[in-house]
Amino acid sequence: QVQLVESGGGLVQAGGSLRLSCAASGSFFSINFMAWYRQAPGNERELVATIADGGSTNYADSVKGRFTISRDNAKNTMYLQMNSLKPEDTAVYYCYARIERVRGDLRRYWGQGTQVTVSS
């Protein structure tokens, strides 16, 4: 069974940094597209950053220049380096991936979420 497991969340002061990780485990053929989403209390889940299997990236305007998404295909792991954190970055961060369990069978997966809290 394919699973996505996030780690690296926590409490940090404004201006600080955190690095989130998302590791894919289980049996699968390949990981296609990966992304980070976040959801603050009372808000809808929003897209933070994306990274394609070729490495191209996109970011929400609110995090451009502060966050960096990356992936290590050999480790089936995606990262989100978050710098210059602001209180408004406080949210549960979710990992998302489109994974081919077997060739041609592309499915969507979510991680369980990791809490990021930025104090002012």
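R38 forms a salt bridge (a side-chain nitrogen of Lys or Arg within 4 Å of a carboxyl oxygen of Asp or Glu) with E46, and the closest N and O atoms of this pair are 2.6 Å apart. The model is a predicted one, in which local features need pLDDT of at least 70 and side-chain atom pairs count only at pLDDT 80 or more, whereas totals for chains, interfaces and linings use all residues. Residues are numbered from 1 along each chain as its sequence is written, and side-chain values use heavy atoms, with hydrogens and water left out.

With buried defined as under 20% relative accessible area, exposed as over 50% and partly exposed as in between (1.4 Å probe, protein chains only), R38 counts as buried because its relative accessibility is 6%, while E46, at 37%, is partly exposed. The structure holds 5 salt bridges. One of them joins R66 to D89, with the closest N and O atoms 2.7 Å apart; R66 lies in the loop between β6 (57-59) and β7 and D89 in the loop between β8 and β9, so this pair ties together parts that are 23 residues apart in sequence. Strands are DSSP runs of E of at least two residues, numbered from the N terminus. Both R66 and D89 are buried, and R38, E46, R66 and D89 are linked in a network of salt bridges. A further salt bridge connects K64 with D61, the closest N and O atoms being 3.2 Å apart, and D61 counts as exposed because its relative accessibility is 64%.

D89 is placed in the loop between β8 (77-82) and β9 (91-102), and its relative accessibility is 1%. A polar atom of the D89 side chain lies 2.8 Å from the backbone nitrogen of K86. Contacts of D89 (heavy atoms within 4.5 Å), not counting residues up to four places away in sequence, are made with R38, R66, F67, S84, V116 and V118.

A nonpolar core is a set of buried Ala, Val, Leu, Ile, Met, Phe, Trp, Tyr and Cys residues joined through side-chain atoms within 4.5 Å. The largest such core has 30 residues, and those with the most contacts inside it are W36, L80, M82, Y93 and I99. Two or more residues each are given to this core by β3 (18-25), β4 (30-39), β5 (46-51), β7 (67-72), β8, β9 and β11 (114-119), and β9 gives the most, with 5 residues. Apart from this core lies another, of 6 residues, among them F33, V92, Y94 and Y96.

Note on methods:
Helices (H or I, at least four residues) and strands (E, at least two) are DSSP runs, numbered from the N terminus. A polar contact is a pair of N or O atoms within 3.5 Å; within protein, one must be able to donate a hydrogen and the other to accept it, and residues adjacent in sequence count only if both atoms are side-chain atoms.
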